[in-house]
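Reader: I am new to this structure and would like to know what stands behind the terms used for it. Please take them one at a time.

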Amino acid sequence: MPVKIRLARRGRKKQAMYDVVVADSRAPRDGRFIEKIGTYNPNTDPAAISLDEEKAFDWVMKGAQPTDTVRAMLSYRGILMKKHLQIGVIKGALTQEQADEKFEAWLKDKEAKIQGKMDQLSKDKASEAKARLEAEKKVASARAEAIAARKKAEEDALAAEVAEANADESEKALEEEGEEAVAEAATEEAPKEEAKAEEAPKEEAPKEEAKSEEAPKEESSEEEKKD
């Protein structure tokens, strides 16, 4: 029976996760399987791979054929490297101790590379976050400057309106003061004219009285003549 190590899909839509299973090559992709040996989550960076390495190595040594994706995963975790060394031990090219030492050295080198990649990803994320923060600060600063400029323009417009209103009020006040001055001048001239009008009869009144006083004198002289 041909056996394959492949992925069986599970998870939500657009959030797919996979089980690493050993199954008959004739079975449907997500159908029955012989054994589950791990999980694969491609939604993280880097992708999360969880494998039972002993079972994976055992099935590989038994001749199970991995699919392309699973082969890359097994190579990434050192299963194929371990198989290669073990075949050398079986053929007598090297001892088991030598194979174990070479595998440990390869594993340390691989872990260093993985750690370096993760550190680089962390630095890249930090740089992106810093650049994004600076961009947001620039946008916020530009928005604040625009708001301040608009507020200043509104204040200047309001100050201009107030100054114009004050100027109109000053002109109106000056006009009112001028009208009041004209009215006061007119009221001052009116009493003078009335006073002149009143003074004229006072001068004529004594003349009339004098004439009235002279009239009896003439009468008295006529009476003297008669006597």
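Author: Start with a pair in one helix: Asp-156 and Lys-152 are four residues apart in helix H4, so about one helical turn separates them. The model is a predicted one.

Reader: What makes Asp-156 and Lys-152 a salt bridge?

Author: Their closest N and O atoms are 3.2 Å apart. The cut-off for a salt bridge is 4 Å between a side-chain nitrogen of Lys or Arg and a carboxyl oxygen of Asp or Glu, so the pair qualifies. In general, side chains of opposite charge can pair when their charged atoms come close.

Reader: Why is Asp-156 called partly exposed?

Author: Its relative accessible area is 42%. Buried means under 20% and exposed means over 50%, so a value in between is called partly exposed.

Reader: How many salt bridges does a search of the whole structure find?

Author: The search finds nine. One of them joins Lys-36 and Asp-19, with the closest N and O atoms 3.3 Å apart. Lys-36 lies in strand S3 and Asp-19 in strand S2, so this pair ties together parts that are 17 residues apart in sequence. Arg-10, Asp-19 and Lys-36 are linked in a network of salt bridges.

Reader: Are Lys-36 and Asp-19 buried, partly exposed or exposed?

Author: Lys-36 has 40% relative accessibility and counts as partly exposed. Asp-19 has 12%, and this counts as buried because the limit for buried is under 20%.

Reader: What about Arg-26 and Asp-24, which also form a salt bridge?

Author: Their closest N and O atoms are 3.2 Å apart. Arg-26, at 62% relative accessibility, counts as exposed, while Asp-24, at 16%, counts as buried.

Reader: Which elements does the chain contain, from the N terminus on?

Author: The order is β-β-β-β-α-β-α-α-α, with four helices and five strands in the chain. Buried residues make up 16% of the 227 residues.

Reader: Which residues touch the most other members of the largest nonpolar core?

Author: They are Ile-5, Val-20, Ile-37, Trp-59 and Leu-74, out of 18 residues in that core. Two or more residues come from each of strands S1 (3–12), S2 (15–24), S3 (35–41) and S4 (48–51), and likewise from helices H1 (53–62) and H2 (68–76). H1 gives the most, with four residues.

Reader: Which residues form the nonpolar patch on the surface?

Author: Met-61, Ile-87 and Ile-90 form it, with about 250 Å² of accessible area together. Ile-90 is found in helix H3. At 60% relative accessibility Ile-90 counts as exposed. A patch residue needs over 30%, so Ile-90 passes that limit.

Reader: Which residues form the negative surface patch?

Author: Among them are Glu-161, Glu-164, Asp-168, Glu-177 and Glu-184. Glu-177 is found in helix H4 (residues 96–226).

Terms used: Residues are numbered from 1 along each chain as its sequence is written. This is a predicted model: local features need pLDDT of at least 70, side-chain atom pairs count only at pLDDT 80 or more; totals for chains, interfaces and linings use all residues. Side-chain values use heavy atoms; hydrogens and water are left out. Patches are made of residues with over 30% relative accessible area and no salt bridge: like charges are joined within 9 Å, nonpolar side chains (Val, Leu, Ile, Met, Phe, Trp, Tyr) within 5 Å. Accessible areas come from the Shrake-Rupley method with a 1.4 Å probe; for residues, only the protein chains shown count as cover. Lys and Arg count as positive and Asp and Glu as negative; His and the chain ends are not counted. The place of a charge is taken as NZ of Lys, CZ of Arg, CG of Asp or CD of Glu. A nonpolar core is a set of buried Ala, Val, Leu, Ile, Met, Phe, Trp, Tyr and Cys residues joined through side-chain atoms within 4.5 Å. Buried means under 20% relative accessible area, exposed over 50%, partly exposed in between (1.4 Å probe, protein chains only).
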